[in-house]
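Subject: Structure handover

Hello,

Here is the structure I promised to pass on. Please have a look, then read my notes below.

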Amino acid sequence: FPSHDNGCFVNSSKITLEEFLNNWISIHSNTLKPKTAEDYEGMIHRYILPKLGRIQLSQLKPSIIQKFYIELSESGGENSAPLSARTVNYVGAILKKALSYAVEVEGLIPRNVASKVPLPKGAAKRNEPFTPIQLKQFLDGVKNHRLYAIFWLAAYSGARKGELLALKWADLDFETNRLVISKNRVVVRGVAIDQNSTKGGEGRRIIHLDPLTLDVLNQHRKSQIAERLKAGSEWQETGYIFVTEFGLPIDYGTPTQLFAKVVKRLGLPDQRFHDLRHMHDLHLPSQQTHLYDLHLPSQQTHLYDLH
């Protein structure tokens, strides 16, 4: 039986891909962010091992991997549905990275056969962002909800959901109109944690907020103070901007679920919470332009005047 001794494989000619990948991810996960490590493990165990796990590492061939990619693309999803090109590419990138380690670090195989196999091409699926009118309809539809501010901030700051959930009041300066984004909330093995870096890995960044967005956040703060007074001794101060009625961070899935319900109720085009930030991306060709400065095509009025 092949084993792993002091970081080196022994009896390498008999090692299966499953044995190698399990050892590789246990070592490599220490160099990854917890969420990334969990994603790697999930892809390995969900897609790679069921199809290729029993094959000996030394017997892997480009044709085997090519067939594997095709099968994933055609029937690798839930209930044998086609798997998106994006997911297949992600699986392929992990496999290629692992085999590169087998070649360059462990010396288990002479070449990385995955590097010889082209990954499937496919157009990235991206929903069209709401139009300004549709954004107004959505925000009007959720305006009375206690978490209204998180939807507004998603559209008017371009921040990601994990970044919004990790925000604390200490990150917001009403006097200088600045919001500091330096953390990202992720769920690792069912537990939400805040990473000390953003999802894109760019680290700390500062967003200058427009007056209307600051007003929305100020109203949100006043509502939170009222909830704290109502909760009394049951309130648990955490310092987060978006919390439950008792001060604890809201569940990671709450904004997504609420967004979907409101979109369905209003009959708006199918979107994800994440697509709100594309309003910001689409309409901000430069950092000097703000979404609220955009004019509607048929009216000489600012978008923020609609609310």
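Start with Tyr40. Its relative accessible area is 10%, so Tyr40 is buried. Buried means under 20% relative accessible area, exposed means over 50%, and partly exposed is in between (1.4 Å probe, protein chains only).

Before going on, two notes on the source. This is a predicted model: local features need pLDDT of at least 70, side-chain atom pairs count only at pLDDT 80 or more, and totals for chains, interfaces and linings use all residues. Residues are numbered from 1 along each chain as its sequence is written, and side-chain values use heavy atoms, with hydrogens and water left out.

**Aromatic rings**

Rings of Phe, Tyr and Trp (its six-membered ring) pair if their centres lie within 6.5 Å; planes under 30 degrees apart count as stacked, over 60 as edge-to-face and the rest as tilted. That rule gives twelve aromatic pairs. One of them is Tyr40 with Tyr90: the centres are 6.2 Å apart and the planes at 70°, so this pair is edge-to-face. Tyr40 is in helix H2 (residues 34-52) and Tyr90 in helix H4 (residues 85-104), 50 residues apart, so the pair links distant parts of the chain. Helices (H or I, at least four residues) and strands (E, at least two) are DSSP runs, numbered from the N terminus. Tyr90 is partly exposed, at 29% relative accessibility. Elsewhere, ring pairs join Phe130, Phe138, Phe151, Phe259 and Phe273 into a cluster.

**Helix H6**

Phe151 is also one of the buried residues of H6. Ten of the ten residues of this helix (residues 148-157) are buried, so H6 is largely enclosed by the rest of the structure.

**Charges over rings**

A charge sits over a ring if NZ of Lys or CZ of Arg is within 6 Å of the ring centre and within 35 degrees of the ring normal. Lys161 does this with Tyr252, 3.9 Å from the ring centre. Arg185 does it with Tyr240, at 4.7 Å.

**Strands**

Asn184 lies in strand E5 (residues 184-188). Asn184 is buried, at 5% relative accessible area. Strands E3, E4 and E7 form an open sheet in the order E3-E4-E7, with antiparallel pairing. Two strands pair if DSSP finds at least two bridges between them. The edge strands, E3 (172-173) and E7 (205-208), each pair on one side only. Four bridges join E4 (residues 178-181) to E7. Leu179 has Ile207 as its bridge partner in E7.

Best wishes
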